Amino acid sequence: MDRSLQWDIFCKVIDNHGDIGVCWRLSADLASRGQKVRLWVDDASALAWMAPEGAGGVTVLPWTEPLGLNLIRLESAPCEVLVEAFGCEAAPEFLAACSDPAMQEVCRPVWINLEYLSAESYVERSHALPSPVSHGPATGWRKWFFYPGFTGATGGLLREPGLESRQAAFDPEAWLAAQGIPARGGEVAEQRVSLFCYEPPALATLLRGFAQHGLAGQPVRLLVAAGRATNAVKAVFNEKTGLLPFNGEQSLLSISYLPWLSQTDFDHLLWACDLNFVRGEDSIVRALWAGKPFVWQIYPQGDQAHLAKLDAFLDMLDAPSSLRLFHAAWNGQCGEVPAPQPQAWAASVEATRERLQGQQDLSTQLIAFALRAASNQCI
Ligand code: TRH
């Protein structure tokens, strides 16, 4: 890219880790491509484990109300691209400062609303559309709606340069040993399964199945993510329904509980496993890039809108019927929980990954879009 822009990304943490997860990944990716990024976030606590080393070129600032002294930063480096993540509305005093000729003498920033990820068809129709702003200090400006997505007519997916070569050079055994995870021993090699989920109703059945039958007959090492996934698994074992059948010595299931990992190590986890259970918006994309069979627990919405989103995603994946059936059970749409069949699921994941790798990634598209729009705004 030929010009470095000053980006201001606004992020409100609603719940879980997807908001800050996506915003951090985007900020770090933009900065690695020579862009300057200020990330304004109302709760940065998760960054302590997600990105303990920070990233050169990214300044994290507290999104307090009002924004206070940090606004002064605009004087020396005016905002050129304003990104509101997931429909959050940037602070009005920030907009006021951007429209104040004393602070922002160059030109008004390109204003982008970065939307949620979906494979639904409305995404192509809505991507990159402008909307006039009709109230507040920025009345008369334009806001652009930028949709990530899975086709060439969308904004694409976050994919850092060099991701593929890092994955090709990755040594899973060394990484797992460094995490204190026992090597695949025994006569029959263990299948490694990662688990990042909310509280799926099918969890107890899945665990029982692993304990009794393993995964395709092989023993299972379950690597459980910190937080809700760990609590959900422990809750299954703590149930007062009596001893669960998989507590016996014959169990084919071994469990390792993980600490919070950095985003980089979270990728390593997905690369090291034979089957990945992921959830939400960011980890589904990482599971795609990992290229291993996966199951997605979609973030549930009150109006059930997530079910159409899940269907569209499975269509995009060209998922075989056993994978669709498993998703229905895992996302609480039906009671019967079939056994996971990663071997039958691998081909659709690999084909999708290859197709998506041929698509322009989100940061490349965002930068090109912002540069184009910025040159028009200054005319
Ligand atoms: O945490 P999530 O469920 O976030 C959700 C969803 O994004 C949902 O769509 C959104 O509407 C809601 O937030 C507000 O799942 P997600 O999106 O995968 O985010 C988790 C992030 O945490 C991701 O960036 C990976 C990161 N992570 C680590 O870095 N280390 C870890 O150990 C774990 C478990 C996760």
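How far is the sulfur of C79 from the closest cysteine sulfur, and in which residue does that sulfur lie? The legends below, which describe a predicted model, open with this cysteine.

Figure 1. The closest cysteine sulfur to that of C79 belongs to C98, at 4.5 Å. A disulfide needs two cysteine sulfur atoms within 2.5 Å, so the C79 sulfur is too far from its closest counterpart for a bond. C79 is buried, with 0% relative accessibility. C273 is buried at 0% relative accessibility. The disulfide count for the model is zero.

**Figure 2. The salt bridge between D361 and R33.** The closest N and O atoms of D361 and R33 are 3.0 Å apart, forming a salt bridge. D361 sits in the loop between α14 (342-357) and α15 (362-377), while R33 sits in the loop between α1 (18-32) and β2 (36-41). The pair therefore ties together parts that are 328 residues apart in sequence. D361 is buried, its relative accessible area being 9%. The whole structure holds 13 salt bridges.

**Figure 3. The salt bridge between R286 and D267.** Here two helices are linked: R286 lies in α11 (residues 282-290) and D267 in α10 (residues 263-272). Their closest N and O atoms are 2.9 Å apart, and the two residues form a salt bridge. The parts that this pair ties together are 19 residues apart in sequence. Salt bridges with shared partners join R25, E160, D267, D282 and R286 into one network.

**Figure 4. Helix α10 and its cover.** Helix α10 is mostly covered, with eight of its ten residues buried. The buried residues are Q263, F266, D267, H268, L269, L270, W271 and A272. Among them is D267, the salt-bridge partner of R286.

**Figure 5. The salt bridge between R324 and D315.** R324 and D315 form a salt bridge, with 2.4 Å between the closest N and O atoms. R324 is partly exposed, at 29% relative accessibility.

Figure 6. S363 is part of helix α15. The residue is buried, with 0% relative accessibility. Which residues does S363 touch, not counting those up to four places away in sequence? The contacts are L26, D29, L30, R33 and L158. One of these, R33, also forms the salt bridge with D361.

Figure 7. Y198 places a polar side-chain atom 2.5 Å from an oxygen atom of the ligand. In R279, an N or O atom of the side chain is 2.8 Å from a ligand oxygen atom. H17 uses its backbone instead: a polar atom there is 2.9 Å from an oxygen atom of the ligand. How much of the 710 Å² that the ligand exposes when taken alone does the protein bury? The protein buries 97% of that area.

**Figure 8. A cis peptide bond at P66.** Most peptide bonds are trans. The bond from E65 to P66 is cis, with omega near -5°. P66 is located in the loop between β3 (58-62) and α3 (73-76).

Figure 9. Most residues other than glycine have a negative phi. N16 is not a glycine, yet its phi is positive, about 55°. N16 lies in the loop between β1 (6-11) and α1. N16 counts as buried, at 18% relative accessibility. Q304 is not a glycine either, and its phi is positive, about 65°. The loop between β12 (294-297) and α12 (305-317) holds Q304. At 45% relative accessibility, Q304 is partly exposed.

Key. Residues are numbered from 1 along each chain as its sequence is written. This is a predicted model: local features need pLDDT of at least 70, side-chain atom pairs count only at pLDDT 80 or more; totals for chains, interfaces and linings use all residues. Side-chain values use heavy atoms; hydrogens and water are left out. Buried means under 20% relative accessible area, exposed over 50%, partly exposed in between (1.4 Å probe, protein chains only). A salt bridge is a side-chain nitrogen of Lys or Arg within 4 Å of a carboxyl oxygen of Asp or Glu. Helices (H or I, at least four residues) and strands (E, at least two) are DSSP runs, numbered from the N terminus. A polar contact is a pair of N or O atoms within 3.5 Å; within protein, one must be able to donate a hydrogen and the other to accept it, and residues adjacent in sequence count only if both atoms are side-chain atoms. Accessible areas come from the Shrake-Rupley method with a 1.4 Å probe; for residues, only the protein chains shown count as cover. Contact means heavy atoms within 4.5 Å.
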